[in-house]
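Could you have a look at this one with me?

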Amino acid sequence: MKIFLDTANLDELRKGASWGIVDGVTTNPSLIAKEGRPLEEQVRMICDIVDGDISAEVVATDAKTMIVEGLALAKIHKNIVVKAPLTRDGIQATAALAKEGIRVNVTLCFTATQALLAAKAGAYIISPFVGRLDDISTNGMDLIRSICTIYKNYGYKTQVLAASLRHPIHVQESALAGAHIGTMPFKVLDQLFNHPLTDKGLDQFLKDWAKVFQESGATR
Ligand code: E4P
């Protein structure tokens with residue numbers, strides 16, 4: 001499964017990229033607004049940090065303007081994936097942009113039938129939101145499983161991007177379900193490293209090593 005960072009924060013992206021395991025970035029209007037720079041400027045800076053798919057979202061709500069915005073976003077950098085919401089206009093814009101060879105990430109997906117529409121429109125990525133469904137007492141991971149099954153049944157090429165992941169178990173279950181991509185906040189990526197037995201084991205290895213090779217003055 002590809003790992004994307006779900007942030008527009010440059011410090012988080014630099015840190016994540018330095019680990020060599022980040023395949024791409026997802027942003028949305030809320031995440032871009034949090035950083036306080038114009039969309040195009042922020043997205044260019046992100047493209048300089050991470051070499052992979054970088055999703056940048058349109059903010060228009062009518063298909064015609066979404067297409068104009070999408071074409072402009074796609075021109076910023078070769079790695080830009082245009083993000084469009086799963087509305088009637090968003091799907092119409094997705095179909096038009098896909099015909100022009102523009103890669104579209106259809107976002108705000110909450111049902112498997114919405115995902116079917118995105119695939120039929122030629123979306124490059126579908127983004128089902130796991131955490132936001134869990135928040136309203138609906139199992140978000142069931143949606144990932146359903147979409148993966150439907151796409152497999154018909155051989156759709158659209159990649160399933162498990163979004164709105166809130167903790168490491170969401171990441172694990174997305175991978176088990178067969179999601180192509182998991183996007184997560186920096187905090188969740190950082191949590192994936194942790195296990196107390198890793199820390200305990202390393203501590204013991206270093207103590208044993210020091211006892212023989214440092215306290216005795218011997219060298220390895
Ligand atoms: C994905 O592309 C979305 O930006 C994101 O995963 C939403 O996550 P949230 O529900 O934690 O805001």
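Here are my points, starting with the ground rules and the overall fold.

1. Ground rules. This is a predicted model, so local features need pLDDT of at least 70 and side-chain atom pairs count only at pLDDT 80 or more, while totals for chains, interfaces and linings use all residues. Residues are numbered from 1 along each chain as its sequence is written, and side-chain values use heavy atoms, with hydrogens and water left out.

2. Overall picture. The chain has 11 helices and eight strands; these are DSSP runs numbered from the N terminus, with helices being H or I of at least four residues and strands E of at least two. Along the principal axes, the C-alpha atoms fill a box of roughly 75 × 35 × 30 Å. Of the 220 residues, 44% count as buried (buried is under 20% relative accessible area, exposed over 50%, partly exposed in between, with a 1.4 Å probe and protein chains only). Taking contacts with a separation of 6 or more, 56% come from residues 24 or more positions apart; contact here means heavy atoms within 4.5 Å.

3. Helix H3. Which residues of H3 are buried? In this helix, residues 39–49, they are Gln-42, Val-43, Ile-46 and Cys-47. They sit on the same side of H3, because they cover an arc of only 140 degrees around the axis (the arc is that of the directions from the helix axis to the C-beta atoms). The packing partners of the buried H3 residues are helices H1 (10–18), H2 (29–35) and H4 (63–76), plus strands S2 (24–26), S3 (53–57) and S4 (80–85).

4. Aromatics. A search of the whole structure turns up six aromatic pairs. Rings of Phe, Tyr and Trp (its six-membered ring) pair if their centres lie within 6.5 Å; planes under 30 degrees apart are stacked, over 60 edge-to-face, and the rest tilted. One of the pairs is Trp-19 with Phe-186, stacked at 5.5 Å centre to centre with 20 degrees between the planes. This pair links distant parts of the chain: Trp-19 is in the loop between H1 and S2, Phe-186 is in helix H10 (residues 186–191), and they are 167 residues apart. Trp-19 is partly exposed at 28% relative accessible area, whereas Phe-186 is buried at 16%. Ring pairs also bring in Phe-193, giving a cluster with Trp-19 and Phe-186.

5. Around the ligand. The residues around the ligand are Asp-6, Thr-26, Asn-28, Lys-83, Phe-129, Arg-132, Ala-163, Ser-164 and Arg-166, where the cut-off is a heavy atom within 4 Å. For polar contacts (N or O pairs within 3.5 Å; within protein, one must be able to donate a hydrogen and the other to accept it, and residues adjacent in sequence count only if both atoms are side-chain atoms), the side chain of Arg-132 has an N or O atom 2.6 Å from a ligand oxygen.

6. Positive phi. Worth a look: Ser-164 has a positive phi of about 60 degrees although it is not a glycine. Ser-164 is in the loop between strand S7 (159–162) and H9, and is buried at 9%. Leu-108, in strand S5 (residues 104–109), also has a positive phi, near 60 degrees, but Leu-108 is partly exposed at 33%.

7. Asn-79. A polar atom of the Asn-79 side chain lies 3.5 Å from the backbone oxygen of Gly-52, and the side chain makes a polar contact with that of Lys-78 at 3.4 Å. Beyond neighbours within four places in sequence, Asn-79 contacts Val-50, Asp-51, Gly-52, Asp-53, Ile-54 and Arg-103.

8. Glu-57. This residue is in strand S3 and is buried, with a relative accessible area of 11%. Not counting residues up to four places away in sequence, Glu-57 touches Thr-27, Asn-28, Pro-29, Leu-39, Leu-73, Lys-83 and Thr-107.
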